[in-house]
Amino acid sequence: MTSELLPSAAALHLEKITKVYHKGEGEVRALDGVDLDIEAGEFLTVVGPSGSGKTTFLNILGCLDSPTDGRIVYDGRELRGLSEKERSAYRRDRISFVFQSYNLIPVLTVRENVELPLLIERKLPPREIRRRAEEIISAVGLAGKENRYPRELSGGQEQRVAIARALVKEPLVILADEPTANLDSHTAEEIVELMRGINAQRGSTFVFSTHDRLVMDHARRVVTIRDGKVTADERKNGTAAGSS
Amino acid sequence: MGTLWKIALRNTIRHGRRTLITAVVMMVGIGVFIFFNSMIAGLDRMAVDNMTDYTLSSLKIRTPAYVDDIEAAPLDKGLPHPQAVLAAAAAQGFAATPRLRFVATLSNYTDAIPVLADAVDPVADTKVFKLSAAVRAGSWLEAARPHTVVVGAELAHELGVGPGDTLLISAQTVNDTTNADEYTVAGLVSVPTPEVNQGGLFISLEDARELLGAATGPDGLATEVDVALPRASSLDAALARGDAAAARLHTALPDLRVDPIRQLASGYLAVRNSKSRSAFLIVVIVLLISAVGIVNTILMSVYSRVREIGVLRAYGMTPRAILRLFTLEGLALGIVGSLLGVAFGALVNFFMVTHGMDMSAYAKGFGNLPVGGKLYGEWDVGIMVTGFVFGVVLSVLAARIPARRAARLEPTSALRFQ
């Protein structure tokens, strides 16, 4: 890892993050100088119209993509200039994802899907991996369904498995891209409350991109992105966060 | 690696139809490979067996001077003591028979055809050769019926003679004079070796010695002693057994030349080796076609699981691990296809080994090769192992092409893939 240790109080520190895509002879400025600090344990929602840069923002936060310019400091480490292998290692160790379409591995059971991040990480013995997986499966309310395959679950149950998979390795941050978009309102509420509860109990940091009013209502901080810029950063106690 | 195997294997099973289609293509490729090799081995075996049974025998014992001048079939370079040679062969437990080859002219009083005649001991010859069992009309030579001959069926047809007809045979005697006599056709032979059918003339040793003015009696003139060895389980075993027996007999008969079947059939065996190589080439082409199938199957697997690849990459799986994942799928496919191929090849071969295939109808297509009668397949474990290993290695190599494509996928675009 070539990153350096930097002093920062925030779990995630983004500074003048710019992402430019080249399309033909023109260019698209998906993010344009975004500054943001995210504290450990936050329950934050990124909102904005389609094409505003939310997904690019999450991809850069998730080390899936590199910014064209700017600095990103994760847990005191500057991540600029990391190789693909180093970014893979960083994702493996610190970041988890919850996707709109759940994206469970269809040939693996509930338990195996949840164990997957730890198996990729290869740091814990098999017995400990299984213990952690069963504990988190129970926490998301799927005890007894460990040996089911994704095709045997409802959409809400699949998303619970995806959340369990995201939580099992106790990541620094969980990034959720429209996690309720494919769920009915009742199930969506259950899922949001589940994540909110986990956030409160375990102190896990959640960052969502969403259009869902329900998710926004549960968020303690709502960051609005338009045309690649942070146009609003509002905390639920009514005060504006000063980092944008 | 355990997780990768689990995902790879389960995907192979999950997409059963796709796996099955690819595996069937491989099965046919490897099955054909095994069957083809078995057929070639069987053809070789049949050809060498036919040569052994009807023209060459397993071993020939001659004087070195006779072999050096073999085209002329020189009567003055025959074996000095045929009885001693027969005794040496008998001491090793082998059946043996003396023969006398000479150049003769066969005439039906209208046409004359030069042939290479074989004078044989009517009884002992049947212990080494199977000509007596191949008499199609009439009967084999009998000591009690002198002045009879057995003629190749096509030769007899050309001369317009059959059993009971008379032929005039003339030949150069040991004293360099020409002698001729009349003989009755006792029978016609039809065998899988074309040279016997087209030019075979068999006469008893005593009649021939009398015609040629040569020494008669038990130690009379013979140009060669032919030896029969028990049938071996495979052609290679037969060749090895012939070599070993020749070496032993040569020790007992140091002044004579002992040629095993490997030497006697060297011309055919040389053709056989190049034939096996071209057969292998055909099979490589068949298997390359199945490799295209494997590339296609894994590619379909990659495209149907692009988002899954994105998830795995998002959770920190390296491109190298993704490469391994799809290579393992190729390996799993290769193992399934190759196992099916070996089983299919073995099944078809089982019928070829036990029931055989009648080649009589196709014999003409083989020209002058001694092919005819029933063709039986040969078991060759080495070929099965080669087919299996080749199929697996080819699958892994073929899978690398789409696997590399999967490994190169960017996680962001993979996750966006619809």
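In the predicted model described here, chain A holds an open sheet of six strands in the order E6-E7-E8-E3-E9-E10, with mixed pairing. Strands, of at least two residues (E), and helices, of at least four (H or I), are DSSP runs numbered from the N terminus, and two strands pair if DSSP finds at least two bridges between them. Because strand E6 (95–98) and strand E10 (229–235) of chain A stand at the edges with a single partner strand each, one side of each is left without a neighbour in the sheet. On average, neighbouring strands of this sheet are turned by 20° against each other, direction ignored. Helix H5 (residues 155–167) of chain A packs on the sheet, where H5 touches E6 and strand E7 (173–177) of chain A, and the direction of H5 makes about 175° with that of E6(A). Axes here are lines fitted to C-alpha atoms, for helices over the stretch in contact, and angles run from 0 to 180 degrees between N-to-C directions. Within the sheet, strand E3 (residues 43–47) and strand E8 (residues 205–209) of chain A run parallel and are joined by four bridges. A:Phe43 stands opposite A:Phe206 in E8(A).

As for how the model is read, residues are numbered from 1 along each chain as its sequence is written, and chains are lettered from A and ligands numbered from 1 in the order in which they are written. This is a predicted model, in which local features need pLDDT of at least 70 and side-chain atom pairs count only at pLDDT 80 or more, while totals for chains, interfaces and linings use all residues.

Chain A also has an open sheet of four strands, ordered E2-E1-E4-E5, with antiparallel pairing. Here strand E2 (26–38) and strand E5 (77–78) of chain A stand at the edges, each with a single partner strand, so one side of each lacks a neighbour in the sheet. Strand E4 (residues 69–74) of chain A pairs with E5(A) in the antiparallel sense over two bridges, and A:Val73 stands opposite A:Glu78 in E5(A).

Turning to chain B, an automatic or database domain assignment divides the chain into domain 1 (2–50 + 269–415) and domain 2 (58–259). The C-alpha centres of domain 1 and domain 2 of chain B lie 50 Å apart. Twelve residues of domain 1 of chain B are in contact with six residues of domain 2 of chain B, contact meaning that the C-beta atoms of two residues, placed from the backbone, lie within 7 Å.

Helix packing in chain B comes next. Helix H2 (residues 16–56) and helix H14 (residues 381–408) of chain B pack at an angle of about 155°, with their axes 10 Å apart. H2(B) is therefore roughly antiparallel to H14(B), a label for angles over 145 degrees. In this contact, B:Met26, B:Ile30, B:Phe33, B:Ile34 and B:Asn37 in H2(B) meet B:Ile383, B:Met384, B:Gly387 and B:Gly391 in H14(B). Helix H13 (residues 319–354) of chain B packs with H14(B) at about 150°, the axes being 7 Å apart, so H13(B) is likewise roughly antiparallel to H14(B).

Finally, the contact between the chains takes 20 residues from chain A and 16 residues from chain B. On the side of chain B that touches chain A, helix H1 (2–14), helix H12 (306–314) and helix H15 (411–416) of chain B each supply at least two residues. H1(B) gives the most to that side, with five residues.

How values were computed:
Parallel < 35°, antiparallel > 145°, perpendicular 65-115°, else oblique.
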